[in-house]
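Subject: Structure handover

Hello,

Here is the structure I said I would pass on. My notes on what turned up follow below it.

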Amino acid sequence: MSTLTCHQPQSTRWPLVFLAIFAGASGALCLGKVPAVLGILRSELGLTLVEASYLASAFNTLAILFSLFLGLLLTRWSGRQTGVVGLLVIVAGGALALPATGLAMMLLSRIVEGIGFLLVSVAMPAFIVAVTREEDKRLALSLWAVNLPLGAAAGMLLTPWLTAQGGWRLAWLILMALQLSALLLLLASLSADGLRLGTPQRAINVGHPLRQLTVLRQKALWRYGLAFTLYSLMLWALFVWLPTMLQGTPGIGQSQIALLSALAVVANIPGNLMGVWLLRRGVARDRLISWALSLMALCGMLAFWPGLSPWWAYGLCLVLSLSGGMAPPAILSSAQGVSQGPVQLAIVQGFFVQLANLGQLLGPLLLAALMTDNGQWGNARWLFLGCLLLAIGLYLWRRPLVVGQEPN
């Protein structure tokens with residue numbers, strides 16, 4: 001059982017839980033907005049393909065390098081305070097892009113936004129735990145998984161439409177307004193995380209900050225982290241290459257390709273909710289993760305099978321996104337079972353973010369490497385076959401989170 005029992009509310013403050021999810025989703029808008037208008041940015045700012053790839057991969061690189069350690073900030077700040085700072089940094093990063101005329105300022109903007117996004121990502125789970133009673137913590141952390149696909153999909157859908165109305169700078173301003181609204185709502189939720197603004201965290205985070213990293217010694221945590229890597233590898237290999245895969249399909253133009261690609265991201269959200277429901281119904285966490293990863297791999301193998309109709313392939317891609325969405329609630333809710341205090345919870349969330357972004361970086365690269373042989377999409381099925389074997393291996397490697405306390 002978790003020891004996150006300090007300052008526990010007698011009842012769960014669900015409006016604050018959904019506020020935290022909204023804050024996370026508003027930060028995740030940054031994930032979807034640049035890929036959605038990358039072609040326009042290249043044309044207007046005069047970027048080469050390589051320079052555009054820097055903008056696209058900035059978030060992944062930052063997350064891989066720093067997300068694990070940002071959780072240590074909670075030794076000084078509460079989850080709400082860290083989230084407020086993160087959203088403020090995101091808005092500042094977005095503002096830096098407005099006068100951009102080339103790569104340098106745009107890349108700086110993405111780096112600042114990325115730091116803010118990571119702060120929100122590691123802080124909001126601690127905020128959620130602080131405003132929920134013990135019986136609801138796993139459910140609340142499972143619901144937190146919805147924030148990323150919700151924000152990324154909204155960014156992918158809103159940015160092209162807003163850009164068509166008044167240019168990409170208008171899109172940036174509108175998305176910044178949403179992020180600013182989340183910031184103001186967090187500020188308005190005075191002491192919502194159970195701690196006053198001036199109350200130090202030392203009472204609930206005893207010891208040297210680096211000692212909090214001992215939470216990473218648990219083998220089951222690495223298994224869940226690797227499962228997150230595998231999930232994001234398959235999902236983002238699909239998301240990145242789906243628009244290219246759809247090109248040339250009869251009756252589909254560029255606007256339809258953008259819409260179909262965004263719908264594939266949206267399909268992940270009901271999968272998240274299905275995962276939450278199955279966990280509440282008593283489905284074992286490890287079994288749910290193995291189901292999700294195996295279904296993703298099987299759908300990926302079939303979607304890229306040589307000679308398959310493009311529409312059948314797209315349908316399988318939707319099922320891949322939907323079924324894969326069951327994995328994050330199971331993975332993220334495991335953090336509450338291993339964490340002793342908000343700092344360790346933030347470190348675990350940062351660890352998951354780090355490995356998920358490693359998968360986001362590797363997935364498209366591995367699929368592209370398979371394409372270089374003869375340019376046939378059918379080669380991608382071997383990537384998903386390998387993922388299926390790894391998913392089976394992870395399930396066979398299962399261990400309880402804390403012996404005698406957290407069943408699988």
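This is a predicted model: local features need pLDDT of at least 70, side-chain atom pairs count only at pLDDT 80 or more; totals for chains, interfaces and linings use all residues.

S189 sits in the loop between α8 (168-188) and α9 (219-246). The side chain of S189 comes to 2.6 Å from the backbone oxygen of L186. Once neighbours within four places in sequence are set aside, the contacts of S189 are L16, L19 and R80.

The chain as a whole

The chain has 17 helices and zero strands. Of its 408 residues, 56% are buried. Among contacts with a separation of 6 or more, 84% join residues 24 or more positions apart. The chain exposes about 16,800 Å², and 69% of that area comes from carbon and sulfur atoms.

Helix α9

T229 is part of helix α9. T229 has a relative accessibility of 10% and therefore counts as buried. Apart from residues up to four places away in sequence, T229 touches L355, A356 and G359.

Helix α11

Helix α11 covers residues 268-280, which is 13 residues. At 1.5 Å a residue it should span 18 Å, and its end C-alpha atoms are 19 Å apart, so the two values agree. The expected value is 1.5 Å times one less than the number of residues.

Which residues of α11 are buried? They are N268, I269, G271, N272, G275, V276 and L278. Just after α11, G282 has a positive phi of about 95°.

A patch on the surface

L302, W305, L308 and W312 make up a nonpolar surface patch, and together they have about 470 Å² of accessible area. One of them, W305, is in the loop between α12 (285-303) and α13 (310-324). How does W305 count, and at what relative accessibility? W305 is at 46%, so it counts as partly exposed.

If you open the model, S189 in its loop between α8 and α9 and the patch that includes W305 are two places to look at.

Regards

Notes
Residues are numbered from 1 along each chain as its sequence is written. Side-chain values use heavy atoms; hydrogens and water are left out. Helices (H or I, at least four residues) and strands (E, at least two) are DSSP runs, numbered from the N terminus. Buried means under 20% relative accessible area, exposed over 50%, partly exposed in between (1.4 Å probe, protein chains only). Contact means heavy atoms within 4.5 Å. Accessible areas come from the Shrake-Rupley method with a 1.4 Å probe; for residues, only the protein chains shown count as cover. A polar contact is a pair of N or O atoms within 3.5 Å; within protein, one must be able to donate a hydrogen and the other to accept it, and residues adjacent in sequence count only if both atoms are side-chain atoms. Patches are made of residues with over 30% relative accessible area and no salt bridge: like charges are joined within 9 Å, nonpolar side chains (Val, Leu, Ile, Met, Phe, Trp, Tyr) within 5 Å. A salt bridge is a side-chain nitrogen of Lys or Arg within 4 Å of a carboxyl oxygen of Asp or Glu.
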